[in-house]
Amino acid sequence: MRKLVKATGLLVLLSMLVSCSPGSSDLSNDVPGVPTDSLTVFSASQASAHKSILVNYVDQIATGIGGGVGTLNALGFAAALVEREYPQVAGYLRQLGVEGSLIHVQGTLNCPGGGSITYPDNPVDRDRDGIPASAEAFYNNCRDSNGAVTNGSIKIRDKNDGDPRSGYTVVINLSVSGGASQGRLVLGVDFTPGSGGAYQVRYGFLIEEGRDKIAFGLNLSYTPSLDGNSNPYDAGVTNFNGRFAYRVSGENFVLDMNGENLQHNRASCMSSFIAGKATFQDSASNRLVIQYNGCNSYTVTYNGNPI
Ligand SMILES: [Ca+2]
């Protein structure tokens with residue numbers, strides 16, 4: 001997996017533009033990356049061996065929320081979601097969003113080893129919320145200096161370009177080949193703001209290389225905490241449900257995931273939730289539970305037994 005992540009990171013650092021793409025699909029009910037795999041059995045020994053992976057992905061969610069989700073900076077949000085595991089990808093998305101949520105460069109960028117990235121002209125933003133009605137960057141056999149080739153697109157779309165409170169979708173769908181290695185990176189986000197800084201978001205994340213795959217998808221709701229300041233996103237409570245699929249080096253498991261009253265407070269902790277619990281459940285109702293007791297402080301149990 002690391003080889004692909006590295007190659008993808010190198011590739012995605014190459015450019016920063018976007019284009020107009022009328023007729024983009026509505027992702028409200030179809031966020032790419034959300035795994036559809038059937039649940040598997042997750043044994044006690046598997047739980048012990050892989051608990052740190054699950055903790056890491058829950059912490060990744062916390063990092064994303066604490067990183068400014070909800071500010072309507074769509075690409076910043078996408079970046080925050082992948083910050084922990086894929087910092088180079090996150091850096092690229094932040095470059096794309098450096099002027100609000102929209103990229104203002106147009107035209108074609110040549111890639112260092114051949115190929116290009118293209119951006120149709122004049123993205124429309126009628127409600128001036130920084131989210132284009134629809135804009136897309138296309139990778140056309142874009143080859144980096146190490147020979148890795150990327151194809152695919154990065155797309156951002158306003159759910160209603162006549163209403164600045166309508167939310168947005170972001171879809172990243174890239175295939176990467178480098179030598180004998182073939183991979184794919186997909187991130188889909190469907191964001192809907194609520195009142196007072198609350199929001200709901202559905203997102204999916206998928207990375208594949210050869211036969212290996214990691215994917216998870218969530219329906220997540222966020223409620224700001226009344227912490228006395230005007231920033232609704234530095235402290236709040238998160239609930240989610242979704243699915244997590246892992247297939248690496250012959251190890252394979254698919255679990256339902258559920259988050260209950262997970263609290264974050266960015267003033268005191270940047271890297272994890274500080275209270276609440278996350279549960280992963282297999283096809284036989286075996287349960288791994290991560291209970292947070294403070295910053296980077298948690299207990300993990302499997303069917304009630306500490307592991
Ligand atoms: Ca807009």
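## Close-up views of a predicted model

**View 1. Thr-223 and its contacts.** Leaving out residues up to four places away in sequence, Thr-223 touches Ala-198, Gly-236 and Val-237. Touching here means contact: the C-beta atoms of two residues, placed from the backbone, lie within 7 Å. Thr-223 sits in strand β8. Strands (E, at least two residues) and helices (H or I, at least four) are DSSP runs, numbered from the N terminus. Is Thr-223 partly exposed or buried? Thr-223 counts as partly exposed, because it has 16 C-beta neighbours inside 10 Å. The cut-offs are these: buried is 20 or more other C-beta atoms within 10 Å of the residue's own, exposed is 12 or fewer, and partly exposed is in between, with C-beta atoms placed from the backbone. Gly-194 is 29 residues from Thr-223 along the chain, and their C-alpha atoms are separated by 9.2 Å.

**View 2. The model as a whole.** This is a predicted model: local features need pLDDT of at least 70, side-chain atom pairs count only at pLDDT 80 or more, and totals for chains, interfaces and linings use all residues. Residues are numbered from 1 along each chain as its sequence is written. The protein has 4 helices and 14 strands. Of its 307 residues, 44% count as buried. Take the contacts with a separation of 6 or more: 59% of them join residues 24 or more positions apart.

**View 3. Confidence along the chain.** The predictor's confidence in each residue is its pLDDT, from 0 to 100. The protein has a mean pLDDT of 79, and 77% of its residues reach 70 or more. Where is confidence lowest, and where is it highest? Helix α1 (residues 2–12) is lowest, at a mean of 38, and β13 is highest, at 98. Over residues 1–29 pLDDT stays under 50, and the model has 91 contacts beyond four places in sequence for this stretch. Residues 99–104 are also below 50. Beyond near neighbours in sequence, residues 99–104 have 21 contacts in the model.

**View 4. Strand β7 between two partners.** Two strands pair if DSSP finds at least two bridges between them. Strand β6 (residues 181–193) pairs with β7 in the antiparallel sense, over 11 bridges. β7 also pairs with β8 (residues 212–224), again antiparallel and over 11 bridges. Val-201 has Leu-220 in β8 as its bridge partner. Both pairs are hairpins. Between β6 and β7 there are 5 residues, and Gly-196 in that turn has a positive phi of about 65°. Between β7 and β8 there are 2 residues, and Gly-210 in that turn has a positive phi of about 60°.

**View 5. Leu-185 in strand β6.** Leu-185 lies in β6, opposite Ile-207 in β7. Why does Leu-185 count as buried? Leu-185 is buried because 27 other C-beta atoms lie within 10 Å. Gly-33 is 152 residues away in sequence, yet the C-alpha atoms of Leu-185 and Gly-33 are 8.7 Å apart.

View 6. Strands β11 (residues 275–281) and β12 (residues 287–294) run antiparallel, joined by 6 bridges. Here Thr-279 stands opposite Val-289. Their hairpin has 5 residues between the strands, and Ser-285 takes a positive phi near 65°. β12 pairs with β13 (residues 297–302) in the antiparallel sense, over 6 bridges. Ile-290 stands opposite Val-300 in β13. The β12–β13 hairpin has 2 residues between its strands, and Asn-296 in the turn has a positive phi of about 55°.

**View 7. Val-55 in helix α2.** Val-55 is found in helix α2. Which residues does Val-55 touch, not counting those up to four places away in sequence? They are Ile-290, Tyr-298 and Val-300. Val-55 is partly exposed, because 18 other C-beta atoms lie within 10 Å. Val-55 and Asn-296 are 241 residues apart in sequence, with their C-alpha atoms 9.8 Å apart.

**View 8. The largest nonpolar core.** A nonpolar core is a set of buried Ala, Val, Leu, Ile, Met, Phe, Trp, Tyr and Cys residues joined through C-beta atoms within 7 Å. The largest one here has 63 residues, and those with the most contacts inside it are Val-58, Ile-172, Phe-216, Phe-244 and Leu-255. Helix α2 (residues 44–66) gives the most to this core, with 7 residues. Leu-255 touches Leu-39, Phe-42, Phe-244, Phe-280, Gln-281 and Asp-282, not counting residues up to four places away in sequence.
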